[in-house]
Amino acid sequence: MDRREVVVPAGDMDRQRDYTQRLAALFQQLGHPPLAMVDTYGCQQNVADSQRIMGMLQEMGCGFTQDAGRADVIVINTCAIRENAEKKVFGVVGQLVHAKEKNPGLTICLCGCMAQQEAVAEKIKASYRHVDLVFGPQALWKFPELLYEVCSGRDRVFSIRNEHGTIAEGMPVVRESAVKAWVSIMYGCNNFCSYCIVPYVRGRERSREPERILAEIRELVESGFKEITLLGQNVNSYGKDLDCPMDFADLLREIDRIPGDYLIRFMTSHPKDAGEKLFDAMAACDHVAKQLHLPVQSGNSRVLKAMNRGYTREQYLEKVRYARSVMPELVLTSDIIIGFPGETEEEAMDTVALIQEVRYDALFTFIYSPRPGTPAAKLPDPASRAEKQVWFDRLLDAQNSISAGLHRAYVGKTVRVLVDGGSGDKTWPLSSRTAGGRLVHLKGDHGLIGSYAEARIVDSNTWALFGEAR
Ligand code: 5AD
Ligand code: SF4
C-alpha cells in the first residue's frame, strides 16, 4: 500500500470539523442540551475507538448518558470476534426500538467490526429499521460527515465499503481516566489466522508515524498519565509498512527515552514476530512493564498449523524461555482457543500440558466460534459442543490452580502498585495494578488514586491480590 493513500489528508480531516460545527448548530435547535450514549463491546481497540467517537460527539456539544431513554444519539460500537458477542449486540439493538418509539428524534448508530460485515449490514437494513447509521472501523474518522447526512434529513446511511484502511490523525478524544490511556500505534492485521474475522473487518496493517506516537505519549506523560498501553492487533508488525526503518523494539526504546514516572504496556503480540530483539528491548527499558500478553492459541503443532499461526509448540516455548531468561519477573498471559475444527481430545490436552509447563499468570480462554467467511468455518468440525466443554473445563481447572498458586506467592511481599480508581467495596475501597498488571484490591485512602503506592499483599485468590497501602 502507498502510504500517501493510507494517511487521511489534512483537508479531509478539516472537513470533518466543519460537519462537527454544523451538527453542533443542528443540536442547538433541540431546545435542550444534547445527550449521547456510547455503548462499547469487545477489545481495547474498540474502547480506544469509542473514546474518539466520544471526542467527536463532545465537540458537537453533546454530554453523555448511560440511559438510552434520555439520549438523542446512541452509538453501539460492536465486536465480531465470536458469535456470542454478535448475539448480544443484536439483543441490545433490538431493545432500542422502544427508545426510538418514545423519542422519534433519536439517532441510532451501529459501528465497529460487526458493522463492517456485509451480512450484518443487510440484516440491519432489512430487520432493524430503527437503526439510522451503520459504519465500519475504516469510516470512523468520517463519523461527523455520516451523522450529519442522517441528521440533516437524509435517509438511513450505510458506510461499509471494504477499504484496506486508513490512518486518521488529530481526531478529538475523551479519555475516561486521568491515569491510564490507550495509544493506537497501528491498525489492521495481515495474519489471517484461519479462525479469525479481524483481518476482514479491520483492513491491512498500517503503522502510525513514530513522531506522531512519541508526541502523543510525551503529551500524556506531561499531563500526568501514569500508564500508557500501546495498541495494535499485532504490535510486533509495527513499522513494516513505514518508509523509515523502525520496528516495534526500536519504537519501545524511543518511547523509553521520554522522561517521567510512567509505565508502558502493549498488546497484542504475535509470537511469530516476537523475538530476542523485542525481549532485550523490554528488559532494557525501565518504563516498559515486564508484562507480556503472548497468545499461543493452542499447544499442539498440527492445530497451530491449521490455525495458520506461523510457529510450532517448540518454537513458542523457546521464545518464552528466552523472554524469562532476560526478564525473570515477567508476568505472562495468553489467549487459548479450545475446539478448533478437527481438534482431538489428545490435541486439546496438549494445550493443557503447555499451560502447565508455561504457568501463565492468567489466561483468556475461548471455545471456538465459527466466523462466516473465514477458512476455518469451512472445515469439518466433528467434536460435539459437549465434548469441547469438557476439554475447556479441564483447561480452566488447570489454569485456576496455577493462577491461585502464583498469586499466593505474593502474600507477605510489598509491591509497587498504581492506584487507578475506587472500587465501591467497603473493605477494599481502592483498585490498583502491579507493574506486571495483576489486580490488587487495596485498603487505603482515596487520595492515593492516580499515584503509585507501596502495597503489602495480605491475601489472594484465583483472580486477584489483596493488599494494604503503606
Ligand atoms: N473463536 C473463538 N475465539 C476466537 N478468537 C479469535 N477468533 C476466534 C474465534 N473464531 C480469540 C483468539 C484471539 C482472541 C482475541 O479471541 O484467542 O487471540
Ligand atoms: Fe486475528 Fe490472528 Fe490477526 Fe490476531 S493475529 S487479529 S488472531 S488474524
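Which residues does Ile217 touch, not counting residues up to four places away in sequence? With contact meaning heavy atoms within 4.5 Å, Ile217 touches Val183, Ile228, Leu230, Ile255, Ile258 and Ile264.

This is a predicted model, in which local features need pLDDT of at least 70 and side-chain atom pairs count only at pLDDT 80 or more, while totals for chains, interfaces and linings use all residues. Residues are numbered from 1 along each chain as its sequence is written, chains are lettered from A and ligands numbered from 1 in the order in which they are written, and side-chain values use heavy atoms, with hydrogens and water left out.

A nonpolar core is a set of buried (under 20% relative accessible area, 1.4 Å probe, protein chains only) Ala, Val, Leu, Ile, Met, Phe, Trp, Tyr and Cys residues joined through side-chain atoms within 4.5 Å. The largest such core has 59 residues, of which Ile217, Leu230, Phe248 and Met282 touch the most other members. A second, separate core of 31 residues includes Met13, Ala36, Cys109 and Phe135.

Turning to ligand 1, the residues around it (a heavy atom within 4 Å) include Ile81, Arg82, Tyr195, Phe366 and Arg371. The table gives polar contacts, pairs of N or O atoms within 3.5 Å.

| Residue and its atom | Atom of ligand 1 | Distance |
|---|---|---|
| Gln297, side-chain N or O | oxygen | 2.7 Å |
| Asp335, polar side-chain atom | oxygen | 2.6 Å |
| Ser369, backbone N or O | nitrogen | 2.8 Å |

Taken alone, ligand 1 exposes 400 Å² (Shrake-Rupley method, 1.4 Å probe), and the protein buries 87% of that.

Methods
A polar contact is a pair of N or O atoms within 3.5 Å; within protein, one must be able to donate a hydrogen and the other to accept it, and residues adjacent in sequence count only if both atoms are side-chain atoms. Buried means under 20% relative accessible area, exposed over 50%, partly exposed in between (1.4 Å probe, protein chains only).
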